[in-house]
Amino acid sequence: MAEQNSHITVSYAGFNRPWAAWVAHQLELRGMETSLVRWDPNVKQPFTGEFRKLLQAPDRVLLVLDDWYFRLGPIRPEDWNTAVREVVVGPDAERIVTASVATLDLPAEVLALAPVGLRDLDEQEAIRRICRRLAIPNRPVVQDTASAFAPRFPNDPPSVWDVPRRNRRFTGRDQTLERLRRILAGDSSAGNSGTRIVLRGISGVGKSQIATEYAHRFGNDYDVVWWIGSDYRATARERLAALAPRLGLAVGQGIGERIRAVHDALRTGRPHRRWLLIFDGADDKEQLTGLLPDGGGHVLITAQTRDWAEDNSAREIPVDPFTRTESIAYVVRRSPRVSPEEADELAEAVQDLPLLLAQTAAWLDTNQMAVRDYVREIRFGRPEGIAIRTSEDYPMGFLTSWSIAFNALRGKHPEAAELLKLFVFFAPHEIPVTLLTSARRGVLPSHLDRMVSDPIRWHNALRRLSESTAVRLNYQAAPGQEPTVDRVQMHRLYHRFLQSALTDEERDTLSGTACQVLVDADPRRPFDTRDWEAYAGLLPHLETSGALGSRDPGVQELVRNCIEYLRSRGEYRTGLRLCELALSQLRGRLEPTDPTMLVLEHQHANMLRRSGRYREAEDVGRRVVDGLASAADESPADLLRAKDNLAGTLLALADYQQAHDLFEEVWLAYQELFGDEAPRTMASRSNLGLSLGLLGRYEESLNVHREVLLIRERRLRSRHNLTLRSGANYAYMLRLVGRYAEAASRLEQIVRLRRQIADEHNPETILAEHQLGICRRREGNLRAAEQLLSGAVQRARLVHGPEHPETLLVEADHATFLREHGDLSEAQTLARTVYQRYRDLVGFAHPYTIGTRGNLGLVLGESGDRAEALHIAEETHRDMSQVMGPDHPWTLGSAINLASARSRSDESESALELSRGTLERAKSSLGEVHPMTLSAKMALADDLRSLRRATEGSKVEQEAVQQLRETLGPEHPHTVDAVRRVRPYWDFEPQPT
């Protein structure tokens, strides 16, 4: 018997795995050998024979019993009684030991086995009872806290947990769940291990249900389990940020600060090293850019599309419909009156699709139609008025089954049916019932208003929907209060079905109601970061509610505010899509000069420009300006806004003088219309400052940005998005005039605030960090510079893509850094790529194309190709002179580089001549002590020395070094290089527009 007692087989239903795993782990800590065996009785075989198979395991068997066991098949209590009487006899009686976590009454013969009750105990008492029942010593043990997956006591859930409720009727999928577990646990037998898994399959196949079951079945092996709905990026970001306080992270309210803190905590494993994040409904991979965490935890993703197939960091597991055995088991459990043979026919009719099986079985459980009549209706019925289209992946019979269910609901519970129809006008995975319950009186139709105000009727209606339709309720519970329904989820297919079943009159009425609910929740402050969470919650419902095509002024304001929120937040692609959807629906309904159309066209051009589609943005901008200018009743403010928008596009296209003139015209007109400090006046004046900077009028630009910043600091809070933008503009110009230390100090603060308010993937955060990186490079802090510059490049590529203008901007400066302090080959490759992409984006004659080609020439010169470097330097200076004029700083910088290339190629006389002219122009354009002027002076000194005019060269050099010491300080890298007689160069920096 001693040998027999040394090994125990722990048998369990898949649903009970947390208990079985914990029991086995505790027994192993006490010196026992264990085997975990999942027991799945075949419902088509006599239960006594299936029960007898348990005894095929060696030694003793510990059977963990739960309510779930008494529903498999289902297995009737008399079947359990018969099996126990016939099997657990003689010597075998000592081999079967039972433990129970059931809440249902156990069959009499099962009770006679004296199961150990484990529910509602603490861990030590549960261990004591198991050891006593198995007659093994309960020795004190040291818990294996170093193990990555030591199972937690099931009565002690993970310290951080937020996952949808468990589906108590979940059936099968054991092979998928076990494979998922093996891969995430790193079992080599599963193939390549990994920390990211994508469950991919068609809609309705059960991906989310599998993810939910995995979380509940294996959740006790984690410290943190967190669910993130990923249909919309904004809501996914808010959900990820909400994890920060649950992790106990001491961070502020800024969403970016919270997301960054969460990522850091998950990556480092502090305070929790075992975590599981589930991103549900991530069909658009780009929606999760920058949101997936790294580290030692696990990420589970559900998706319909193949977008993740090319992601080498994620492994895909296909999810297929039920096997027929799983289908039959599910149906007979959900509707006990259905025989296995009838369940087989039903499964065939709906092609084993879990969603459809759930709906049909639920209907059969509450209605008395003969099963075969119902199956026949599904196969051959023709529901009237249903226009929904499906792909060949779906059986057409599901339309009939849902029609039957919906008609039954409408007949028995009309209030619930009316509520269900309204739900259709919200996003299916995020139906915000709290907005309905908090809506002002009169927003909802009178019958729904009365129902919402009566808690009993309201909750009865919700309960009816969850029982008889493809609707799932999600609860939230405040401390000391009863749980309430927070939001409702509806399957996409069912959502589409219900939409198609509505009449035109119903559709118009309910759409109007949904839109008014959303308008009621609009904070009306899209610029204010404190309201961004609210806008993220409204955004998913705009399209489904019909708000994008509404002619109601309040609804149109809501749409405009949501687009402005996206622009302020840097979500340009989403904003562009929303603009285009709204415009496509409103054209023909509204006049081109309607205020809503004008604002949408303005935002459309803005989003096109921010997406790098400059020519399209110019076409839109000119069309609006021309239309308003020719309209008899045009509004001056509308025309000015259109001109301001067009000027912004002209900046991107390098038509700097025309852009400047338009900005100046608009600014002066706004002053007269609204006053000096009005928001529109300030915005246009800020744009005027940008154009001055691009024209090379740095001091003027600096003064404009300083005045705008002071006004915004006074009128807005310091953390306001517009204030931070003005601060970044001012800091940028401080650097361009040579006030490096002040620029770096301001940018340090701006970057910190940007990270708190937005996050490190926000476009403006990326640009601010990039600018700070350049400052760090200028002051000689190369390690910090490298981290900031390379980090900006990585995030810009993720957020914008490789060909976006802002990606090229940060890459250009990173290539310069690599040329000076990194890998020369990598620098050359990157510099060439940036030049070629600018050429393709804006053409040969754009100064950004010209300037980045000049940067490529510098790399080639460093690599020893002096002939090609000289050739490029000649062309760069020539082209920059033609495009920007002889006195522009970019032209002067290209002249400094050309003089250096000539000097290296033994063209000393022409180098000297060019250096003299460049110095005089720099003094005139930038002043005596501007860094570029002093660079030109050092270059002239070098050319004089190369022609053996040492005395003159020494005098020029001494003067330049002294001026550098006085302006930048004796330890500044520019001063140190001058003392060491390192020939200066100029690197072109594309400026943000």
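**Note on the predicted chain**

1. The 128 positive charges (Lys and Arg) and 139 negative charges (Asp and Glu) of the chain have mean positions 3 Å apart. His and the chain ends are not counted, and each charge is placed at NZ of Lys, CZ of Arg, CG of Asp or CD of Glu.

2. The model is predicted: local features need pLDDT of at least 70, side-chain atom pairs count only at pLDDT 80 or more, and totals for chains, interfaces and linings use all residues. Residues are numbered from 1 along each chain as its sequence is written, and side-chain values use heavy atoms, with hydrogens and water left out.

3. The C-alpha trace spans about 115 × 75 × 50 Å along its principal axes. Of the 993 residues in the chain, 58% are buried (under 20% relative accessible area, 1.4 Å probe, protein chains only).

4. Phe423 and Trp890 touch the most other members of the largest nonpolar core, which has 208 residues. Such a core is a set of buried Ala, Val, Leu, Ile, Met, Phe, Trp, Tyr and Cys residues joined through side-chain atoms within 4.5 Å. Leaving out residues up to four places away in sequence, Phe423 touches Ile431, Val433, Leu436, Leu462, Leu465, Val488, Met490 and His495 (contact: heavy atoms within 4.5 Å). Another core, of 30 residues, lies apart from it and includes Leu243 and Leu291.

5. The whole structure contains 0 disulfides (a pair of cysteine sulfur atoms within 2.5 Å). The sulfur of Cys579 is too far for a bond, because the closest cysteine sulfur, in Cys562, is 11 Å away. Cys579 is buried at 0% relative accessible area.

Terms used: Buried means under 20% relative accessible area, exposed over 50%, partly exposed in between (1.4 Å probe, protein chains only).
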